[in-house]
Structure formats: structure tokens, C-alpha cells
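User: Hello! I am new to protein structures and would like to learn how to read one. Could we go through some features together?

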Amino acid sequence: MDGENCSSLTEFHLLGIINNPEIKATIYTMFLVVYLISLVANLGMIILIRMDSQLQTPMYLFLSHLSFCDLCYSTATGPKMLVDLLAKDKSISFYGCALQFFIFCIFADSERLLLAVMAFDQYKAISNHLLYTVSMSSRLCSMLMAGVYLVGMVDALIHTTLTFRLCFCGSNEINHYFCDLPPLFLLSCSDIQVNELALFTVFGFIELSTISGLLVSYCYIILSVLKIHSAEGRFKAFSTCTSHLTAVAIFQGTMLFMYFRPSSSYSLDQDKMSSLFYTLIIPTLNPLIDSLWNKDVKEALEKLKNKMLF
């Protein structure tokens, strides 16, 4: 492939979600409301956990990092998508595209790993509640979070480097609302076998590790719950896992559908709807689910409300 053609591309044009001008204003308003709810809910969750002394436990430390990941990867894609819904010029620079994907990948990967860490944390909390804060020391929590973000950064660096070294010598129109791997692969006139191999290998390793960790943790959680004699105790133990299981099912299911398949099966219109779900809807649902189903969070919100009113 001609090196000049490869290096001449300086920007991409994002085609966005829809091209129908009659419903753009409605879609914009709807997505803006959802994004603002996500922004406020995740920021609120982080601030609430930092402010309330009753939430200074490893479980809520991880929950605040989950909100931080949601906030970061939704903000990497959301504002640009909203601007492009109304703007005539939907361009994004080559390096801006690379940066957008890099940030998105770091925090999407980190969230996937964090969900497995949270399952392990819940096992520790249920299996031996009295020694929970001792076994989940601040040093261990810091090491787990450092590992989560380090793996996310390494994976993002691998895919960003491999993808943006490809030749894009034809159209520069990305049939998507943000810079993601599947539509970029379709634009490339280079051989993408190495990219697909890296995607399946690295993503597969992270996904396999995450799912294995989740399954092992929940097997131990079930065994620990079965040892609880009272029905009330069992119900309380299972109820603490409900919001986490919901987040895992939604997030992991969507990510597997999006990335763990060959490029021949890509359907960009379908992918855009799936992407909307995990870049906009999931970051909005997570803090709402946690605040509705978590007794401690509801009590902290009630205390904060009373402080503000009186």
C-alpha cells in the first residue's frame, strides 16, 4: 500500500446515529437528558461515598470506581455524539479519534475487570463478615485497583497502536457516532488479521479471566450463603448481590455481542444501537440500580437530604 495515501488522512467524518432531520431534535433532547442523568448520578455516587463515613468500606470504594469508569467512558463518547446530532461538520481529527478510542477502551476494560473484583469483594463480605475489613485491607484494595487500571491501559495501548497504524486510503467516513474498532476495520485497506488476532487474544484473555473470576466468586458466595441458617440471613446475603449481578449481565452480555465475533458478521446499524446501550444506558442504570437496591446508599442519601433541608 502506498505510504503517501496512508499518511495523508488527517481526519475522519462520523456519520452519527441517524440522518433523519425530522427526528434529530427529539433524539438529541432524549439523549441529552439520559447523559445528564448519567453525569449527575455517577458524580453524585462518587461524592456521596467520599462524604459518608458509613460508606468507607472496600465495597463502596469499588462502587465509587465503577461510577468513575462509567463517567469516563460515557463522557469520552457522549458529548461528541450530542454535538454531531445538531452540527453540520461531524469531523474528528485523526489523533482526536485515537484519543477518544484510547480513553473509551481504558475505562470500558477497567469496568469489566472491576466487576470481577467486586464479586470477589462480595464473597469476602458474605463468607466472613467479622473479618471483612481485615481481609480486604486498604493495601489489597489499592493493589487490585492498580491492577485493574494497568490492564485497561495496556489493552487500550495495544489496540490503539495497532489500529491507528493501519492504512485508511479510501473513504474517511466512519459509519458510527464514535471511533470504535469494527467501523475502523471496515475502512482500512490494510490487512487487519493481526488486529483481529489481537482483539480476540487480548479481549478473549481479559474476558475469560473476568468471567472465570465471576463464576468462581459466585460459586463460593452460594456455598457461603447455604451455610447461613436463617432464611432472613440468606435473603439479605443474596440481596446484596442483586445489583452486581444485574450490572454484570447487562455489561458483559453487550460487550461479548459487540466484540467477540469476526468482522464478516459486523452490522454497523445494529452495532450503533448496541453501542448506545453500553456507552449511554448502562452508565445511567448502574448508579440508579445501586441507589435503589442498596440499603446503605439509600440511608446515606436520606441523611444527606436531611442535612440539606435542616
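Analyst: A pocket is an open set of points on a 1 Å grid over the protein atoms alone, with protein on both sides within 12 Å along at least five of seven lines; a cavity is a set of points where a 1.4 Å probe fits but cannot get out, and lining residues have an atom within 4 Å of a point. Before we use this, note that the model is predicted, with local features needing pLDDT of at least 70 and side-chain atom pairs pLDDT 80 or more, while totals for chains, interfaces and linings use all residues. Residues are numbered from 1 along each chain as its sequence is written, and side-chain values use heavy atoms, leaving out hydrogens and water.

User: Which residues lie nearest the centre of the largest pocket?

Analyst: The general idea is that rolling a probe the size of a water molecule over the atoms shows where empty space is left. Here, Met59, Tyr60, Lys236, Thr240 and Asp296 lie nearest the centre of the largest pocket, which has 28 lining residues. Its space is about 840 Å³, a volume being the space filled by probe spheres set on the points, with grid points joined across faces, edges and corners.

User: Which helix gives the most to that lining of the largest pocket?

Analyst: H9 does, with seven residues. Helices (H or I, at least four residues) and strands (E, at least two) are DSSP runs, numbered from the N terminus. Helices that each supply at least two lining residues include H3 (58–86), H4 (94–127) and H9 (231–259). By class, the lining of the largest pocket has twelve nonpolar, eleven polar and five charged residues. Ala, Val, Leu, Ile, Met, Phe, Trp, Tyr, Cys and Pro count as nonpolar, Asp, Glu, Lys and Arg as charged, and the others, Gly among them, as polar.

User: How do H2 and H3 lie to each other, roughly parallel or roughly antiparallel?

Analyst: Two packed helices are described by the angle between their axes and the distance between the axes. Axes are lines fitted to C-alpha atoms, for helices over the stretch in contact, and angles run from 0 to 180 degrees between N-to-C directions. H2 (residues 21–51) packs with H3 at about 155 degrees, with axes 9 Å apart. Angles under 35 degrees count as roughly parallel, over 145 as roughly antiparallel, 65 to 115 as roughly perpendicular and the rest as oblique. H2 and H3 are therefore roughly antiparallel.

User: What about H3 and H4?

Analyst: The axes of H3 and H4 come within 9 Å and cross at roughly 160 degrees, so H3 is roughly antiparallel to H4. Their contact has 19 nonpolar, four polar and four charged residues.

User: Which cysteines does the disulfide join?

Analyst: A disulfide is a covalent bond between the sulfur atoms of two cysteines. The search counts a pair of cysteine sulfur atoms within 2.5 Å, and finds one disulfide in the whole structure. Cys97 is joined to Cys179, S to S 1.9 Å. Cys97 sits in H4 and Cys179 in the loop between strand S3 (173–174) and helix H7 (181–187), 82 residues apart.
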